[in-house]
Amino acid sequence: MLTSKVAKRYAQGLLNFTQESGNTDSVFTEMGDIVKTIEKSKQLQSFFASPIIDVKKKVSIALEIFKDFSPVTKSMLQLIIKQGRESQMQNIAQEFINKVEDMNGVQRITITSASALSSENINNILKSSELVNHDNKFDVKSIINPEILGGYILRVGDQQVDASVKSKLSKLKKEFQLN
């Protein structure tokens with residue numbers, strides 16, 4: 001997923017501030033909560049994306065929803081909304097999480113398959129791949145995409161292994177067209 005420059009800049013600013021103030025871990029947890037909350041609620045996504053709703057109303061609602069958060073996170077939420085970037089709030093929070101995980105050496109891994117994979121299958125795929133550094137921690141996200149027909153697509157950082165049936169069929173089709 002591409003992240004906007006806005007999300008990267010806000011996340012980097014927040015990371016710099018939390019490192020100086022020493023509360024990166026608590027803000028990291030809160031940013032995870034923001035991502036989950038916004039992801040689960042289509043109404044909240046629509047609310048933040050609406051240009052009709054007043055900034056003060058958005059700030060008061062956001063502070064009510066996230067009332068148990070630290071002053072740093074609440075201030076960040078207010079800043080994002082007052083600057084008109086509330087539609088990017090989830091992306092900013094996710095980018096902050098990514099930056100902290102990168103700093104801590106956590107690999108982000110995505111496995112796309114045609115149907116749900118068991119944890120044993122996922123572990124076997126990870127063990128067989130040279131892209132995965134088994135000495136580091138990793139965060140595995142599983143995506144189901146029936147269009148790949150079978151097999152899997154493993155993405156580690158910016159590298160990818162495509163072992164899907166769809167890509168193999170596509171290669172065969174190209175070979176037949178050349179011959």
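**Entry 1: a glutamate and its partner**

I started with Glu 101, which counts as buried at 12% relative accessibility. The model I am reading is a predicted one, so I kept to what the computed values say. Next I looked for the charged partner: Arg 108 makes a salt bridge with Glu 101, and their closest N and O atoms are 3.4 Å apart. Is Arg 108 buried or partly exposed? It has 28% relative accessibility, so Arg 108 counts as partly exposed. I then followed the shared partners and found Glu 101, Asp 102 and Arg 108 joined by salt bridges into one network.

**Entry 2: the other salt bridges**

I asked how many salt bridges the structure holds. The count came to 5.

I picked out Lys 58 and Glu 86, whose side chains meet in a salt bridge at 2.6 Å, N to O. Which parts does this pair tie together? Lys 58 sits in helix H4 (residues 55–65), while Glu 86 sits in the loop between helix H5 (71–82) and helix H6 (89–103), so the bridge ties together parts that are 28 residues apart in sequence. I checked accessibility too: Lys 58 has a relative accessibility of 2%, so it counts as buried. Glu 86 is buried as well, at 10% relative accessible area.

I also noted the salt bridge of Glu 95 with Lys 99, with 3.9 Å between the closest N and O atoms. The cut-off for a salt bridge is 4 Å, so this pair is counted. Both residues belong to helix H6, 4 residues apart, about one turn of the helix. I found Glu 95 buried, and Lys 99 buried too.

**Entry 3: the nonpolar cores**

I turned to the nonpolar side chains. In soluble globular proteins, such side chains tend to be buried together.

The largest nonpolar core here has 28 residues, and those touching the most other members are Leu 14, Met 31, Ile 34, Phe 48, Met 89 and Phe 96. Which elements give two or more residues to this core? I listed helix H1 (5–21), helix H2 (24–40), helix H3 (42–49), H4, H5 and H6. H6 gives the most, with 6 residues.

I then took Ile 34 by itself. Setting aside neighbours within four places in sequence, I found Ile 34 in contact with Phe 66, Phe 69, Thr 73, Leu 77, Met 89 and Ala 93.

Last, I looked at a second, separate core of 8 residues, and among them I noted Ile 111, Leu 126, Val 132 and Val 156.

Key:
Residues are numbered from 1 along each chain as its sequence is written. This is a predicted model: local features need pLDDT of at least 70, side-chain atom pairs count only at pLDDT 80 or more; totals for chains, interfaces and linings use all residues. Side-chain values use heavy atoms; hydrogens and water are left out. Buried means under 20% relative accessible area, exposed over 50%, partly exposed in between (1.4 Å probe, protein chains only). A nonpolar core is a set of buried Ala, Val, Leu, Ile, Met, Phe, Trp, Tyr and Cys residues joined through side-chain atoms within 4.5 Å. Contact means heavy atoms within 4.5 Å.
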